[in-house]
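Student: Could we go through this structure together? I'd like to know what the terms mean as we meet them.

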Amino acid sequence: MEPGLVQRARQHPDRTAVLAEDARFSYRELLQSSAGVAGRLLQGTDDLGEKRIAYLLPPGVSHVAIQWGIWRAGGIAVPLCTAHPPPEWEYVLRDSGAHLVVAHDSFAEQIRPVANRCGLTLIDDATAESDSSSVRLPSIPPSRRAMILYTSGTTSRPKGVVSTHGNLEAQIETLVRAWGWQPQDHILHVLPLHHVHGIVNVLCCALWSGATCEMLPRFEAGEVWGRFVRSPLTLFMAVPTVYSRLIAAWEAAPPSQRKVWSRACAGMRLMVSGSAALPVAVLEKWQRISGHRLLERYGMTEIGMALSNPLKGERRAGYVGSPLPGVEVRLVDDQEEPVETGTPGEIQVKGPGVFGEYWRRPEETRAAFTNGWFRTGDVAVVEEGCYRILGRQSVDIIKTGGYKVSALEIEEVLRTHPDIAECAVVGLPDREWGECVAAALVSRSGRSPAPDRLRLWAKARLAVYKVPRQFLQMDSLPRNLLGKVNKRELAKLFPSEESPAG
Ligand code: MLC
Ligand code: AMP
């Protein structure tokens with residue numbers, strides 16, 4: 001048995017699967033190249049048996065061939081983020097218990113010392129020519145673990161979310177059905193490839209459907225507008241910050257340019273927003289510019305997508321729609337009892353797309369479920385049959401630019417700075433980023449580090465989106481009688497510094 005994506009790729013070998021800076025691959029070429037990768041990874045054994053294979057490659061045909069090669073050899077794919085500093089890579093390699101690392105040439109020098117410290121072999125050209133015709137590949141049942149994605153939560157360090165092939169296929173199938181994916185579709189991919197939005201919603205749905213996925217090395221607003229004009233795109237999916245950036249670029253362009261850009265959107269059949277709340281102002285402005293009413297949907301790494309506005313029918317601004325096919329959703333109160341319609345409650349989700357476990361964290365896994373329902377920690381209300389997201393239960397989870405970050409993780413790192421005695425991290429509302437990371441600091445014996453130097457120091461240790469944008473020096477942190485920092489009150493003490501966007 002082959003992974004579903006591979007089985008489906010055989011149905012349309014000549015169609016273009018991936019189009020990127022490094023090359024264009026038909027489905028036939030993707031099948032050949034990924035079989036070659038699988039052969040190299042197997043190295044004489046007949047099944048990787050769920051060994052974790054970490055990979056660090058820019059978006060492109062090699063990236064996809066390696067992802068598929070890992071799956072076809074029976075391994076678990078562990079994508080690393082190309083923009084992360086070495087300590088973030090090291091955490092993932094150690095936590096996942098990686099067996100080896102595959103890295104693109106352009107990252108080999110940066111990651112080699114990390115791989116050495118972890119005692120791991122580094123392969124830097126796994127897609128190099130190899131004869132794939134004689135490779136015997138193992139049978140991969142749907143219950144086989146396929147991927148570990150790292151996600152921040154209410155614990156300080158990110159947890160590995162394990163999805164099986166069956167989970168991923170369920171996540172893909174529901175979206176393909178709900179959003180009417182067709183082989184004729186052509187999507188532009190601008191999102192990172194270490195999260196479910198970029199991996200499942202964009203890349204895997206395209207490849208499942210026999211469609212074309214055109215990949216950009218990174219998001220850049222002018223380049224994206226250029227592709228809207230030049231490429232025969234039918235679909236686009238992104239986080240709200242990306243739409244805000246596209247709006248800002250459009251507004252800064254001369255009228256003749258704006259006209260060309262707006263006209264180019266007419267060829268598309270669907271534009272989707274998700275991963276963070278879409279401000280109504282952004283939805284409305286985008287509709288005026290592009291003629292498209294964004295389809296907003298709601299999801300999470302642990303479950304794939306759960307709620308979506310309809311492909312056909314009313315897309316209500318400020319709402320995330322209703323449950324996708326095959327996904328069960330309920331809202332519950334503090335006693336885990338379903339709430340009445342119109343009453344806010346925690347979103348809980350059940351279905352074949354829901355993950356099975358946090359990697360090597362049985363306690364956290366147990367705590368994440370109640371009677372088979374996954375607790376999302378998000379709060380919503382149903383109004384006239386549509387879900388509206390109200391916020392999160394935990395103040396320690398921040399969503400910035402579509403990335404989920406943990407305040408506790410950032411605090412832990414900041415506390416290792418020699419001049420910081422105490423700190424508390426909060427998310428502040430921000431028009432461009434949704435929320436923006438901010439830190440209140442109590443310095444050690446009056447030595448307060450300069451914000452610029454502190455950011456530089458933090459960037460060497462944390463992903464750039466976790467690095468605080470604002471700092472507030474304090475003599476002491478505001479604490480309640482139990483000694484806990486009151487973060488909702490603390491957030492109000494920061495001066496308002498909203499970025500002008502959207
Ligand atoms: C970057 N910067 C930030 C930031 N990210 N500032 C505040 N908040 C953030 N989150 C700063 C950098 O420090 C830098 O400033 C400047 O912005 C440019 O950085 P960059 O890295 O070049 O930014 P850019 O590439 O433009 O990134 C913007 C983005 C990116 C929106 C394209 O954030 C992105 O790709 N987000 C998508 C994340 C995603 O896919 N999430 C889905 C998770 S899955 P300086 O001053 O330091 O130079 C999920 C489930 C679901 O959520 O439902 O989908
Ligand atoms: P992640 O853990 O990175 O997968 O992020 C999942 C979280 O993103 C969810 O728990 C929500 O808090 C948030 N999210 C995703 N889509 C939306 C949306 N459309 N509106 C509001 N929040 C969203």
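Tutor: Let's start at ligand 2, where a polar side-chain atom of Lys404 sits 3.0 Å from an oxygen atom of the ligand. Before going on: this is a predicted model, where local features need pLDDT of at least 70, side-chain atom pairs count only at pLDDT 80 or more, and totals for chains, interfaces and linings use all residues. Residues are numbered from 1 along each chain as its sequence is written, chains are lettered from A and ligands numbered from 1 in the order in which they are written, and side-chain values use heavy atoms, with hydrogens and water left out.

Student: Why is the pair formed by Lys404 and ligand 2 called a polar contact?

Tutor: A polar contact is a pair of N or O atoms within 3.5 Å. The Lys404 pair is at 3.0 Å, so it counts. Glu296 has a side-chain N or O atom 2.9 Å from a nitrogen atom of ligand 2, and Arg297 brings a backbone N or O atom to 2.7 Å from a ligand nitrogen.

Student: How much of ligand 2 does the protein bury?

Tutor: Alone, ligand 2 exposes 500 Å², and the protein buries 94% of that. Such areas come from the Shrake-Rupley method with a 1.4 Å probe.

Student: Which residues come nearest to ligand 2?

Tutor: Of the 14 around it, Glu296, Arg297, Thr301, Asp378 and Lys399 do. To be near, a residue needs a heavy atom within 4 Å. The strand β13 gives the largest share of this shell, five residues; strands (E, at least two residues) and helices (H or I, at least four) are DSSP runs, numbered from the N terminus.

Student: And what makes Arg469 a polar contact of ligand 1?

Tutor: Its side chain has an N or O atom 3.5 Å from an oxygen atom of ligand 1, so it is within the limit. Lys399 has a polar side-chain atom at 2.6 Å from a ligand 1 oxygen.

Student: What makes a group of residues a nonpolar core?

Tutor: They must be buried Ala, Val, Leu, Ile, Met, Phe, Trp, Tyr or Cys, joined through side-chain atoms within 4.5 Å. Buried means under 20% relative accessible area (1.4 Å probe, protein chains only). The largest core has 111 residues, and Trp181 is one of those touching the most other members. The helix α7 gives the most to this core, 10 residues. A second, separate core of 24 residues includes Leu80 and Val162.

Technical notes. Polar contact = N/O pair within 3.5 Å; in protein donor to acceptor, adjacent residues only side chain to side chain. Buried < 20%, exposed > 50% of the residue type's maximum accessible area, 1.4 Å probe, protein only.
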